[in-house]
Amino acid sequence: MPAPPIFRPITPADGAAILRLHRRAILLDGVRTYSPAMVHSWADGMNADYAGRSIACGSLIEAAELHGAVVGFSDVLGDEIRGLFVDPGFSRRGVGRGLAERAFARMRHHGHERAKVTAALSGVGFYEAVGFRAVRGVRHPTRGGMVLPVLEMVRELEPKVAPGPTFMSWPRPLLPGLQRAGGAP
Ligand SMILES: CC(C)(COP(=O)(O)OP(=O)(O)OC[C@H]1O[C@@H](n2cnc3c(N)ncnc32)[C@H](O)[C@@H]1OP(=O)(O)O)[C@@H](O)C(=O)NCCC(=O)NCCS
């Protein structure tokens, strides 16, 4: 069975690996829904200082590792997923879902009731699979100058479910009846 991903906050040493997978995800996956010129415009001007950016704007950038290599990352600020990318060589192994689920858990922990994302069209199927729905299409200017159609999406963050009563916490009068019915030892 393949090893599950390990998730951790990024460090400055991850910059080059994250830049590489980010570019590959945009250029190789993005081109499924955008033209080559559009994905090059999207990938234009990226640099490796993810840790610095994270500190500067307060977002949490989390890396996903498989077999010791960084294969994905998420960039989350408050109730918004600002970016979530997985190297195309490691797609469809649950890395993206793992990053998203961890982002949802943090958002819930901070009291948010709804998550939002402005999704590239190449990410819409994934975001639907993890519970988002489309709100409206908007136009997103990229660093390279071209404007990409993208989709604003939201997802409700269901409150944490309180654990149900345990067997030992059931009211005592219920127990004899259950024992007669063979429902409890
Ligand atoms: C979209 C992306 C993050 C998915 O990462 P991933 O690790 O392959 O996703 P997972 O394996 O965790 O898949 C989770 C679910 O999404 C679905 N999914 C993943 N990619 C999909 C796609 N391109 N189309 C439709 N569904 C997709 C999977 O089938 C899976 O559903 P399931 O669990 O019900 O079977 C990754 O392919 C990527 O970085 N793409 C390019 C960049 C991009 O568009 N990122 C979003 C920018 S806003």
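Guide: Here is a short tour, one label at a time.

Guide: This is a predicted model, where local features need pLDDT of at least 70, side-chain atom pairs count only at pLDDT 80 or more, and totals for chains, interfaces and linings use all residues. Residues are numbered from 1 along each chain as its sequence is written.

Visitor: What makes E1 and E2 a pair?

Guide: They have four bridges, in the antiparallel sense, and the cut-off is at least two. Therefore they count as paired. Phe7 stands opposite Ala64 in E2.

Visitor: And what joins E2 to E3?

Guide: Seven bridges, with the strands running antiparallel. Leu60 stands opposite Val76 in E3. The two strands form a hairpin with two residues between them.

Visitor: Where does Val76 find its bridge partner in E4?

Guide: At Ile81. Six bridges join strand E3 (residues 69–77) to strand E4 (residues 80–86), and these run antiparallel.

Visitor: Is His67 buried or exposed, and how do you know?

Guide: Count the other C-beta atoms (placed from the backbone) within 10 Å of a residue's own: 20 or more is buried, 12 or fewer is exposed, and in between is partly exposed. His67 has 10 such atoms, so it is exposed. It lies in the loop between E2 and E3, and its phi is near 50 degrees, a positive value in a residue other than glycine.

Visitor: Why is Arg92 called exposed?

Guide: Because Arg92 has 10 other C-beta atoms within 10 Å, and exposed means 12 or fewer. Arg92 lies in the loop between E4 and H4. It has a positive phi of about 60 degrees, although it is not a glycine.

Visitor: What makes one side of helix H2 the buried side?

Guide: The buried residues of helix H2 (residues 36–43) are Met38, Val39, Ser41 and Trp42. They cover an arc of only 160 degrees around the axis, which puts them on the same side of H2; the arc is that of the directions from the helix axis to the C-beta atoms. On the other side of H2, Pro36 and Ala37 are exposed.

Visitor: What do the buried residues of H2 pack against?

Guide: They pack against H1 and strand E7 (147–156), where two residues are in contact if their C-beta atoms, placed from the backbone, lie within 7 Å. After H2 comes Gly45, whose phi is positive, near 70 degrees.

Visitor: Why is E6 called hardly covered?

Guide: Because the count of buried residues among its nine residues is zero. E6 still pairs with E7 in the antiparallel sense over eight bridges, and Arg133 stands opposite Val154 in E7. They form a hairpin with five residues between them, and Gly145 in the turn has a positive phi of about 105 degrees.

Visitor: Which residues are closest to the ligand?

Guide: Gly96, Arg97, Gly123, Gly125 and Ala129, out of 20 residues that surround the ligand. A residue is near a molecule or strand if its C-beta atom, placed from the backbone, lies within 6 Å of it.
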